[in-house]
Amino acid sequence: MLKNFFKVAFRNLWRNKGFSAINIVGLAIGMASAIIILLWIQNEVSYDQFHEKKDRIYEVWNRAKIDGKLAAWNTTPKILARTLERDLPEVEQSTRVNWQNKFLFLLGDKKFMIAGNYVDSNFFQMFSFPLVKGDPKTVLKETYSIVITEKLAKKLFGNENPMGKMINVRNTDNFTVTGIAKDVPNNTRFDFECLFPWSYLRKTGGDDAYWGNNSTRTYVLLKPNTSLTSVEPKIKVLKQKYDEEAKKDNWQMFFYPMSRWRLYSYFQDGYESGGGRITFVKLFGIIAAFVLLIACINFMNLSTARSEKRAKEVGIRKVVGAQKFSLISQFIGESILLAFFAGVIAIGIVQLSISGFNQLTDKNLYIPYANPYFWLGGIGFVLFTGFLAGSYPAFFLSSFQPVKVLKGTFKKSNAAINPRKVLVVLQFTFAIVLIICTIIVKQQIDYARNRQSGYDRSNLVYIYLSDNIEKNYTLIKNDLLGSGTATSVTKTSAPLTQSWSDGWGQEWEGKDPNDKTDFRRYNEDGSLGTTAGLTFVNGRDIDVQKYPTDSLGMILNESALKVMKFKNPIGQLVKDNGQQWHVIGVIKDFILESPYEPTKPMLIYGPKAWFNTIQIKFNSKNTTAKNLKTTEAIVNKYDPSYLFTYNFVDEDYASKFEDEKRTGTLAGLFAGLTIFISCLGLFGLATYVAEARIKEIGVRKVLGASVTSITALLSKDFVKLVLISLIIASPIAWVAMHKWLESYNYRINISVFVFIASGLLAIAIALATVSFQAIKAAVTNPVKSLRSQ
């Protein structure tokens, strides 16, 4: 029986090779798309879920009013961790993770820039990052100890045992390797190559006990069987116990569970809003389901369209005693067999395309061949796809009445609405939605990209300071200018595309006592306006050589001026953290952070502040390669140990569009796949329609019909279906994209032309798909088609 089943199935597939190929290719592409998306979803939902104590680990967040609005954020005072352990008996331990830094490693004559963090000594006791070598309890106890990953150990020491080896860091201190950690997986928020003990940060002056400095992330491990609700009232008011300002402002803190870090940490008005990455996970899940569904729809359409070909087979089987269930089993079995072939091809497609997908999504996905659950899931996936694709055709074909079929009175449905037309409409509806979304995302990116940044990014490069570079900064600056490599040089607190400091509580004459404006802080030592091409609307730039008092000078941007409401800003005094600054200039707003958001009030402080970077305006008369080579030589002249690395400001600015660009590319990619799969089905349907109406076409040609009129006759029904799809897709796409655009303050208005263009594109694609078969049928010699009559 089973042998007969496979024989019949293979014969049917082989007899209809063209249609079988269309079905297999369509299903394979749909299944491959779904597999890649499911791998991405699995990676997202598994973020930080491998930690053994994940149910007891929380991150500390703040909740307070900023700029008049309730806000929530996850940077906290450095003193908080030890305070939590002391004041809250429910807390088993707390650990801090400082912002990631780039550290210069020196091994002999080799130099490396390595990404790492400062953490508390109990980091490995709280989080489950396995140590290949070393004791989690003591590995970071000593001030000059360091933990490195296996990959970094291989990079630094080759096949030697790294334990106990010395590493010189920043040409100042020597560290002993006390632990080797397994490489950090790609499904965690933590990303490090090395870890330094917090005690070293304290020794170098990087620690403080100031409750107003929210600059580090704090994590807590609650004791077993501790209820979050029991500890919430205590953490809520903890900061208010130690900070009078916090008490006055009703500043609150709360514990945020690890299970929600990755997918749900999107806050509005101080509370989790239900958005965040979970929205993308759900969206991708829907896309995976629809792409697979569209591939299955092709199978349904082609199977039911060719129902007359198998009608007599069904009639004879029923006459000789075949039950409906056996016929259904036969047809579903055939679809599962076809799905199996498609599944094998799909795995090959995934293997070939996953590296490109990883590059696009900044992931490290892979097919887990060694995981038995993958193969069990794969078998289930094939069976599900085969059943889904074959269910409707199986019930449709098995319902034929043998008397009508064998008498020749069986007729296909020519109703205005039939399941086949509904399925085609569904396919193109989804495709058009994705086309519209792709166009709108691109328009939004272009809109923000064309926004005036407020400064000149061309030929602007920055490097990070080292101790020796800062010590010899004046000499380096003079050499860069004297050699003609640079036209302007300045020290700043951060790159021009990033905000590394902000705060409120500044004082000035006429300030509203209730004002809680959060100002962006930025520092320069002079000539920032010239270096970056800023526009001054009042006053001047900082120039300490000409005006020594400019060391405590301050520049406001226009947004800050609006907040402070100075009629005559020059000479006004602003007090910040106990230091008094005097205003010497006002600049036009420039984009420091997101190009999709309004510019924030900004204060630029003079040379009495702190610095991290050097901004260099290259001389455009030289080639970039020459400027870089000369700069490297000058920098290494004063700091031979410095590993010369540089960043172009225009490239940093372009990176601000990466997330939206990625979203648009993915939408376009899936739109293209959806259209391709839909067109495969459309091509098959057009082929069948042309075959079914071949005699009608012959009669029309004998009566004088032109090739154009016959082509139009065969194509118009498909065009109607695409138009219906456009009508359905347009409001769906508008609602989806309107909601997406609401997350941007600086955004486009959705134009009706987007929908018109998408509709015309879909119609053009549909016509291109069906016209080949339509023209082929129209030019066929009517003698051949009518010979049998």
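The model is predicted, so local features need pLDDT of at least 70 and side-chain atom pairs count only at pLDDT 80 or more, while totals for chains, interfaces and linings use all residues. Residues are numbered from 1 along each chain as its sequence is written, and side-chain values use heavy atoms, with hydrogens and water left out.

**The second largest pocket**

- A pocket here is an open set of points, on a 1 Å grid over the protein atoms alone, with protein on both sides within 12 Å along at least five of seven lines; lining residues have an atom within 4 Å of a point.
- The second largest pocket has a volume of about 780 Å³ (the space filled by probe spheres set on the points, which are joined across faces, edges and corners).
- Its lining takes in 30 residues, and Ile35, Leu39, Pro368, Phe374 and Trp375 lie nearest the centre.
- Helix 2 (17-45), helix 13 (324-361) and helix 14 (372-398) each give two or more residues to that lining, and helix 14 gives the most, with eight.
- Helices are DSSP runs of H or I with at least four residues, strands are runs of E with at least two, and both are numbered from the N terminus.
- The pocket lining splits into 20 nonpolar, 10 polar and no charged residues.
- For these classes, Ala, Val, Leu, Ile, Met, Phe, Trp, Tyr, Cys and Pro count as nonpolar, Asp, Glu, Lys and Arg as charged, and the others, Gly among them, as polar.

- A search of the whole structure turns up three cavities of 30 Å³ or more (a cavity is where a 1.4 Å probe fits but cannot get out).
- The second largest cavity has a volume of about 80 Å³, and its lining includes Arg520, Asn557, Phe590 and Met602.
- By class, that cavity lining has five nonpolar, three polar and four charged residues.

**Out on the surface**

- Val752, Phe753, Ile756 and Leu760 form a nonpolar surface patch, with about 430 Å² of accessible area together.
- Leu760 lies in helix 26 (residues 752-778) and counts as exposed because its relative accessibility is 54% (exposed means over 50%, buried under 20%, partly exposed in between, with a 1.4 Å probe and protein chains only).

**Two loop residues with positive phi**

- Asn225, in the loop between strand 11 (217-222) and helix 7 (228-236), has a phi near 65°, a positive value in a residue other than glycine.
- Lys565 sits in the loop between helix 20 (558-564) and strand 22 (573-576), and its phi is near 60°.

Notes. Patch = residues over 30% accessible without salt bridge, like charges linked within 9 Å, V, L, I, M, F, W, Y side chains within 5 Å. Areas by Shrake-Rupley, 256 points an atom, 1.4 Å probe, with all protein chains shown as cover. Salt bridge = Lys/Arg side-chain N within 4 Å of Asp/Glu carboxyl O.
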